[in-house]
Amino acid sequence: GGQRPALLAAAVAEAGGFVDKYIGDAVMALFSDPADAVLAAKGSVEGVQALDLDIGIGAGIHLGQLQLGTVGTTQRMSCTAIGDTVNLAARIEGLTRVFGNSVLPSEQTALAAIRSSCPMGLGTVRGRAEAVVVVEPGSPPDGWNEAFEAWTDGRFAEAARGYRGLNDSLAERCERLHASPPKAWNGVTRM
């Protein structure tokens, strides 16, 4: 509802970013420092979870160059950011539902902004041929790396056991893949 955009905008401002635009009950925000973007995403998730509304929230974060300027026509113009960086961040947000976590930076972002990160997987997103590596901020819990390696190697039953209790969305996904294995598996989630 209406509380969510205000919470998201407050978390963005507190972390030193600015809201580029509102998109329904979501926001697109820009930051000069990727660590601030991760901080804002975590603050947004915590703020929305504190409302106890039983709604999901996801943040896709990607570091890169973009174009910032005025777009539109003489009848309607607006200032916004465009470019591959913006598109990829939006597509990564969509991967939060696949990987079952709320804050999902690209590996490129994590390398620049996060001291430790937990590998979530590789995914292809609409509009890009190459896979994107996504991570979760923070150190991997015990057993995570083994489950991740089993998953990327196509040992789905082993991966499901390893993910159980750590990330139930990935555990269930691995169980589905084990029950109906793909013809060719290279560890990449196709969207």
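**Salt bridges, helix packing and a buried threonine**

Asp84 and Arg128 form a salt bridge in which the closest N and O atoms are 2.4 Å apart; the term denotes a side-chain nitrogen of Lys or Arg within 4 Å of a carboxyl oxygen of Asp or Glu. The pair links distant parts of the chain, 44 residues apart: Asp84 belongs to helix α3 (residues 84–99) and Arg128 to the loop between β7 and β8 (132–137). The model is predicted, so local features need pLDDT of at least 70 and side-chain atom pairs count only at pLDDT 80 or more, while totals for chains, interfaces and linings use all residues. Residues are numbered from 1 along each chain as its sequence is written, and side-chain values use heavy atoms, without hydrogens and water.

Salt bridges

- The count comes to seven salt bridges.
- Arg155 pairs with Asp153 (2.8 Å, N to O), and Glu158 forms a salt bridge with Arg155 at 2.9 Å between the closest N and O atoms.
- Salt bridges that share partners join Asp84, Arg128 and Glu130 into one network.

Helix packing

- Helices α1 (residues 3–14) and α2 (residues 34–50) pack at about 145°, with axes 8 Å apart; axes are lines fitted to C-alpha atoms over the stretch in contact, and angles run from 0 to 180 degrees between N-to-C directions.

Thr124

- Thr124 lies in strand β7 (residues 117–124).
- Thr124 counts as buried because its relative accessibility is 8%, buried meaning under 20% relative accessible area (1.4 Å probe, protein chains only).
- The C-alpha atoms of Thr124 and Thr189 are separated by 6.2 Å, although the residues are 65 apart along the chain.

Note on methods: Helix = DSSP H or I, 4+ residues; strand = E, 2+ residues; numbered from the N terminus. Buried < 20%, exposed > 50% of the residue type's maximum accessible area, 1.4 Å probe, protein only.
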